[in-house]
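Here is a note for someone meeting this structure for the first time. Please keep the sequence and the view open while reading, and look up each residue as it is named.

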Amino acid sequence: MLIRVRELELRKLEFDENYQPGAIDFGPEFRQIGPLHSEGRAELVVEHRGHHQNVEDIRLVGSVEAHLEIGCARCLDPVPQRVNREFELLYRPLGADAGRDELSVTDAEAEIGYYQGEGILLEDVLREQVLLALPLKVTCRDDCKGLCSQCGKNLNQEQCSCAAPVEDPRWEALKEIRGRLEH
Ligand SMILES: [Zn+2]
Ligand SMILES: [Zn+2]
């Protein structure tokens, strides 16, 4: 859904959207389970910067709810994650702050981004908000044993035969020599 500045000049926009898995691309590491829901409103904020220079910002306030799966950092099993995030964002036209030292933030609470062309894609905003809400790394449980570094078996499910580290025979020989010297 493209939120157009031209439309916001006429009226503010209320949205209430559901996205099926696949509609928003979260990349290969995240799998969306069930519909993603977002509702909120978009409105125009005009900044007067003097000398007839008006900057048209898009203010976006809303929430996003989603259910995703992320691979466990150790064993790669899917770990469910719920996202329930509220956002309040301000988008300025790209280039509006070029050459300015300070940003005069209209709303101190708002995070600032930039839009290009006609406006912003709600899907892009939601992707970013969901990714920001997710942890960088998850494990399926605190004591996840992970995968065997040699055979790749999931050690939570089965014990493999290569689990015990093999001692280098050269160290054995050295130990023997030292043992003899000490006596
Ligand atoms: Zn795990
Ligand atoms: Zn193994």
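The points below go from the whole chain to particular sites.

1. Please bear in mind throughout that this is a predicted model. The protein chain contains three helices and eight strands, and when it is read along the sequence these elements follow the pattern β-α-β-β-β-β-β-β-β-α-α.

2. Of the 183 residues in the protein chain, 32% count as buried. The chain exposes about 12200 Å², of which carbon and sulfur atoms supply 48%. If one takes the contacts between residues at least 6 apart in sequence, 58% of them join residues at least 24 apart.

3. Which residues hold the zinc ion (ligand 1)? Its protein donors are the SG atoms of Cys72, Cys75, Cys140 and Cys144, which lie 2.3 to 2.4 Å from the ion. The angles among these four donor atoms are 105 to 115 degrees, and the site is tetrahedral.

4. Along the chain, the donors of the zinc ion (ligand 1) follow the spacing C-x2-C-x64-C-x3-C. Cysteine 72 and cysteine 144 thus link distant parts of the chain, being 72 residues apart: cysteine 72 sits in the loop between strand 5 (54-71) and strand 6 (78-93), while cysteine 144 sits in the loop between helix 2 (122-133) and helix 3 (169-182). Both of these cysteines are buried.

5. As general background, nonpolar side chains in soluble globular proteins tend to be buried together. In this model the largest nonpolar core has 31 residues, and those with the most contacts inside it are Leu36, Leu60 and Val130. At least two residues of this core come from each of helix 1 (5-10), strand 2 (13-19), strand 4 (36-48), strand 5, strand 6 and helix 2, with the largest share, six residues, supplied by strand 5.

6. Leucine 36 deserves a separate look. Not counting residues up to four places away in sequence, leucine 36 touches a set of residues including Tyr19, Ile24, Phe26, Val64, Leu126 and Val130.

7. Polar atoms of its side chain lie 3.0 Å from the backbone oxygen of tyrosine 19 and 2.9 Å from the backbone oxygen of glycine 34. Leaving aside neighbours within four places in sequence, glutamine 32 is also in contact with several residues, among them Pro21, Phe26, His67 and Leu68.

Methods. Residues numbered from 1 in each chain as written. Chains lettered and ligands numbered in written order. Predicted model: local features only at pLDDT ≥ 70, side-chain atom pairs only at ≥ 80, totals over all residues. Heavy atoms only, no water. Donors = N, O, S within 2.8 Å, 3.2 Å for Na, K, Ca; no water. Tetrahedral: all angles 85-135°; square planar, octahedral: opposite > 155°, others 65-115°. Helix = DSSP H or I, 4+ residues; strand = E, 2+ residues; numbered from the N terminus. Buried < 20%, exposed > 50% of the residue type's maximum accessible area, 1.4 Å probe, protein only. Polar contact = N/O pair within 3.5 Å; in protein donor to acceptor, adjacent residues only side chain to side chain. Contact = heavy atoms within 4.5 Å. Core = buried A, V, L, I, M, F, W, Y, C linked by side-chain atoms within 4.5 Å. Areas by Shrake-Rupley, 256 points an atom, 1.4 Å probe, with all protein chains shown as cover.
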